[in-house]
Structures are given as structure tokens and as C-alpha cells.
Amino acid sequence: MRQIRHWLEFAGFRVMGLLFSVLPVEAASKFGGALVAWLGPKSKKRHPRLLRNIRTALPELSESEAEKLAVEVWRNLGFVLGEFFHLEEIARDRVEVSDPEGLRALAHSGKGVVLCSAHYANWEGAGAVLTEFGFKPLGVYHPFSNALVDRHMLDKRLKYYAGGLMAKRDPETPLAMIRYARQGGCIAFLVDQQVHMGLQTPFFGRPAQSTPFPAMVARQCGIPLLLIMAERLPGVHFRVRSRTIDVPHTNDRNADIFAATAAMQAGLERTIREHPEQWMWTHDRWK
């Protein structure tokens, strides 16, 4: 029965993908946005969590403002869904980069780099555009429970991860990423989710368990640590901004890693506050 269910899910996924693919990117984005903005608030688990996170992190909002923001968060997730099937066009024609020469020089420097981002605006598009500058990222992903869907998604994403994609919970992933960075490779992370046994860094005024791994690799390998964020603009266009995160090198290794991790989370918070509707507030980010 499980196998049958997975095949049915995969068939539905393929039909949905075909529909979004044949639509122009603007229509696919709008349709996805409208669909998820309608379905999302009906979720009995994720919608209450989303609202709870918004109310706690942004207490200055009224109840109606929080509700309106929640719907727009779902809408942005729907945009991302519809746009996923047009990543090639988005990366080629619809992304402006704030420091293209700096990124290109970094990509061709022969030195490793740690790139971090978040589930913000269209994070898939932000990752896709990096290949245009010569980056060959090795990334981490969370496998889908449906192996058929997972395999199909991997096939589509691997085009933008020349270094490969490794499962988040694979015990070989950390060492493989450190090795790749030491060899001059680019490793990429999404750093806005709660990590079990992570560092308790401030995030919207509350401690949040954050991954120390990117800062640890940057410090250990002596390579740059960058925050890469894609801001959504009108008409399915995006602006990618990069910010170098300072990684201290003192005699206190743990303090250095904490400082860099906290600076990364502070950078995320500043960006999210600019357009809170573009961040995926559905995570269990705080406990």
C-alpha cells in the first residue's frame, strides 16, 4: 500500500510539474501563489505555528496585520513552487547581482568558500544563479519521504550543484564538505532552521539553536564565509546580495565560532525584517 501511495503521489507531482512547466513563468508564479495562499491557512499544524512565530518575533503587529502577513508568507511559498519549474530561465534572465565582479573573482580564486542562505524569497533561484559565476557548490538537502519524488527533485537540482548534493543526516556529509572546502570548493548551506544541539544565538530577541558548522569550516580552513540572500522584486525578478561574515581567529576557537554564527543569524534577521513576507516562518525555529 505504501508503494502504491508513493506512485500515486509521484503521478500527482508530475502532473503538477507539467502544468507549471507549460505556463509562462509569471503565470506559474501567480498560480502557485494563489493556490498555496488558499491552502496554507487551512493547515492545522503549520499555520498556527507560523502565526505563533510571527506574533512572538514581531509583537508590534496587530492581530489583523499578523494574519495578513501569514497569508503573504504562504503566497511567497506558492510563488517558489510555481517558479521551481522555471529555474533555468530565472537564473539566466531574471536575477541581478549586487556585486557580480566580486562573486566572479571569488569563484575563480581557487580558494574555498562557505556560502549560506535561508528559505527567503526564492532560495532555489539564488542557488541556481551562482553557477553563472563559476561556482560549483556542494550542498546539503533534506530527502523527501517519497523516494520517487526525491529522485526527480535531485535530478533537477543537481544541475546547479556541480559539487553534488548530500543528505543532511548522512554521517559522511560533514567530512566530505570539509574535504571539498579544503580542496578549493564551494560548500552551500541554508542556515535558518533549528539544529539539534546547535549554538543558542540571538534571533529576533530569543535564543535559537543555530548550526555552527559553516563558521567552523570557514575558521578551520581559513576561507571566506558569505551570506547570500535573494530579494524578490516585482514581475518574478530577484536581486541577490552578498555579505561577508567576519570569522575571528583568536586563541578561543569556540568563542570565534559562536561570534561568526551569531553574526550570520543577525544578518539573516536584518534581511528578514526588510521583507518578512518573503521568509518561511513555518519552521520550529525556537523552542
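Tryptophan 286 is buried, its relative accessible area being 6% (buried means under 20% relative accessible area, exposed over 50% and partly exposed in between, with a 1.4 Å probe and protein chains only). This is a predicted model, in which local features need pLDDT of at least 70 and side-chain atom pairs count only at pLDDT 80 or more, while totals for chains, interfaces and linings use all residues. Residues are numbered from 1 along each chain as its sequence is written, and side-chain values use heavy atoms, with hydrogens and water left out.

- Phenylalanine 203 and phenylalanine 204 form an edge-to-face pair, because their ring centres are 5.0 Å apart and their planes stand at 85°.
- Both partners are covered: phenylalanine 203 has 0% relative accessibility and so counts as buried, and phenylalanine 204 is buried too, with a relative accessible area of 5%.
- Phenylalanine 204 also pairs with tryptophan 286, where the centres are 6.4 Å apart and the planes are at 85°, so this pair is edge-to-face.
- That pair joins distant parts of the chain, with phenylalanine 204 in the loop between β6 (199-203) and β7 (206-210) and tryptophan 286 in the segment after α11, 82 residues apart.
- For the element names, helices (H or I, at least four residues) and strands (E, at least two) are DSSP runs, numbered from the N terminus.
- Arginine 285 lies over the face of phenylalanine 203, 4.9 Å from the ring centre (a charge sits over a ring if NZ of Lys or CZ of Arg is within 6 Å of the ring centre and within 35 degrees of the ring normal).

**The phenylalanine cluster and its surroundings**

- Phe13, Phe20, Phe31, Phe84 and Phe85 are linked into a cluster by ring pairs.
- Phenylalanine 85 sits in the loop between α4 (63-84) and α5 (87-93), and its 12% relative accessibility is why it counts as buried.
- Leaving out residues up to four places away in sequence, phenylalanine 85 touches Phe13, Met16, Gly17, Phe20, Ser21 and Lys156 (contact means heavy atoms within 4.5 Å).
- Histidine 152, in helix α8 (residues 147-157), counts as buried at 17% relative accessibility.
- Beyond its neighbours within four places in sequence, histidine 152 is in contact with Phe10, Phe13 and Arg14.

- Helix α10 (residues 213-221) is mostly covered, with seven of its nine residues buried.
- Those buried residues are Phe213, Pro214, Ala215, Met216, Val217, Ala218 and Arg219.
- Their cover includes β2 (113-117), α9 (173-182), β5 (186-190), β8 (225-233) and α11 (253-274).
- The axes of α10 and α11 come within 8 Å and cross at roughly 125°, where axes are lines fitted to C-alpha atoms, for helices over the stretch in contact, and angles run from 0 to 180 degrees between N-to-C directions.
- The two helices, α10 and α11, are therefore oblique to each other (under 35 degrees is roughly parallel, over 145 roughly antiparallel, 65 to 115 roughly perpendicular and the rest oblique).
- On the α10 side the contact is made by Ala215, Met216, Arg219 and Gln220, and on the α11 side by Arg253, Asp256, Ile257, Ala260 and Thr261.
- In α9, the buried residues are Thr173, Ala176, Met177, Ile178 and Ala181, and they pack against β3 (137-141), β4 (164-167), β5 and α10.

**Positive phi angles**

- Most residues other than glycine have a negative phi.
- Alanine 121 has a positive phi near 55°; alanine 121 lies in the loop between β2 and α7 (123-129) and is buried, with a relative accessible area of 0%.
- Valine 236 has a positive phi near 55°; valine 236 is in the loop between β8 and β9 (237-244) and counts as buried at 8% relative accessibility.

Key
Phe/Tyr/Trp six-rings, centres within 6.5 Å; stacked < 30°, edge-to-face > 60°.
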